[in-house]
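Hi! Here is the structure I said I'd pass on to you. Have a look around first, then read my notes below.

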Amino acid sequence: MIREIIDNAKRLVVKIGSNTLTAATGEIDVQRVADICEQICWLMGKHKQVIVVSSGARVCGAGQIGKWARYDDMCYKQALCAIGQIELLQIYKGEFATTDKQIAQLLLTREDFADNRRVLNIRNTLFTLLDEGVVPIVNENDTVCIQELEIGDNDTLAARVASLASADAMIILSDIDGIFNKNPHKFADAKLVQTVEDIQKLRGEIIIDAPGALGRGGIETKLQAAAMLQKLGVPTIITNGKENGVIKKIYNREKEGTVFV
């Protein structure tokens with residue numbers, strides 16, 4: 001099924017979480033970024049347009065200045081994001097440059113999606129970039145976001161971008177293989193749910209843990225994002241972005257994931 005979804009998609013959103021990009025040291029794993037960029041180029045080589053929604057700015061910022069004590073303080077968080085967004089984009093720029101791909105940055109807030117003129121401008125910018133073979137890299141504008149303006153997590157942001165850009169599918173690269181009936185990091189007998197048709201029914205059948213320490217999302221936000229796109233007829237794939245070549249593997253049926261049909 002995953003192979004067919006990718007084959008039939010002209011435009012894809014690939015969402016990359018903070019935990020996916022973070023090494024054991026707590027800093028950005030540059031080799032992981034390189035592997036993901038190579039896979040995105042592979043998708044583009046199959047004549048796909050790809051929009052990247054990437055977390056990781058705050059982790060990059062903390063890694064750059066080596067200070068984690070106030071990681072969750074709002075003002076300090078915004079400062080870390082301001083530092084880290086530059087570093088994150090430099091890493092992406094360097095990796096995509098190895099295959100002569102250009103990147104562009106879009107930083108958005110919830111307010112942007114509530115204004116029709118802004119939505120039109122975002123669409124026009126995205127479509128122009130994609131038509132020119134540029135990889136748009138989207139993140140929330142954390143440096144200016146207060147609670148009233150923030151989207152809250154990049155799973156939701158990715159779903160909104162996929163809707164706005166009329167994407168044909170969304171791939172979420174997480175730090176687990178997909179949706180399990182319970183946390184696979186805690187329970188050896190956790191079972192992967194490979195296909196989901198009824199998200200509300202699924203919620204009653206699985207144990208949903210709190211988000212990871214480095215990200216704002218979690219299983220619940222992924223379910224919400226998938227539900228948002230499911231209403232639009234857009235499938236969502238969740239798989240393990242920490243595994244080398246995972247998009248190629250799920251395409252070649254060498255690896256499993258969760259598909260929301």
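Let's start with W42, which is partly exposed at 21% relative accessibility; here buried means under 20% relative accessible area, exposed over 50% and partly exposed in between, with a 1.4 Å probe and protein chains only. Keep in mind that this is a predicted model, where local features need pLDDT of at least 70, side-chain atom pairs count only at pLDDT 80 or more, and totals for chains, interfaces and linings use all residues. Residues are numbered from 1 along each chain as its sequence is written, and side-chain values use heavy atoms, with hydrogens and water left out.

Now for the aromatic rings. Rings of Phe, Tyr and Trp (its six-membered ring) count as a pair if their centres lie within 6.5 Å; planes under 30 degrees apart are stacked, over 60 edge-to-face, and the rest tilted. How many aromatic pairs does this rule give? The count is two. One of them joins W42 to Y251, edge-to-face, with 5.4 Å from centre to centre and 75 degrees between the planes. This pair links distant parts of the chain, 209 residues apart: W42 is in helix α3 (residues 30–45) and Y251 in helix α11 (residues 246–251). Helices (H or I, at least four residues) and strands (E, at least two) are DSSP runs, numbered from the N terminus.

Are they buried or exposed? Y92 is buried at 0% relative accessible area, and F96 is buried too, with 0% relative accessibility.

While you're in helix α5, find A82 there. A82 is partly exposed at 38%. In sequence A82 is 59 residues away from N141, yet their C-alpha atoms are 9.1 Å apart in space.

Some rings have a charge over them, meaning that NZ of Lys or CZ of Arg is within 6 Å of the ring centre and within 35 degrees of the ring normal. The charged end of R160 sits over the ring of F113, 5.8 Å from the centre.

Most residues other than glycine have a negative phi. H47 isn't a glycine, but its phi is positive, about 65 degrees. You'll find H47 in the loop between α3 and β2 (49–54), exposed at 71%. R253 has a positive phi as well, near 60 degrees. R253 lies in the loop between α11 and β10 (258–260) and is exposed at 52%.

Finally, the inside. A nonpolar core is a set of buried Ala, Val, Leu, Ile, Met, Phe, Trp, Tyr and Cys residues joined through side-chain atoms within 4.5 Å. The largest one has 41 residues, and V13, V161 and F260 touch the most other members. Elements giving two or more residues to this core include β3 (103–108), α7 (116–131), α8 (154–164) and β5 (169–174). Which element gives the largest share? That is α8, with six residues.

Enjoy exploring!
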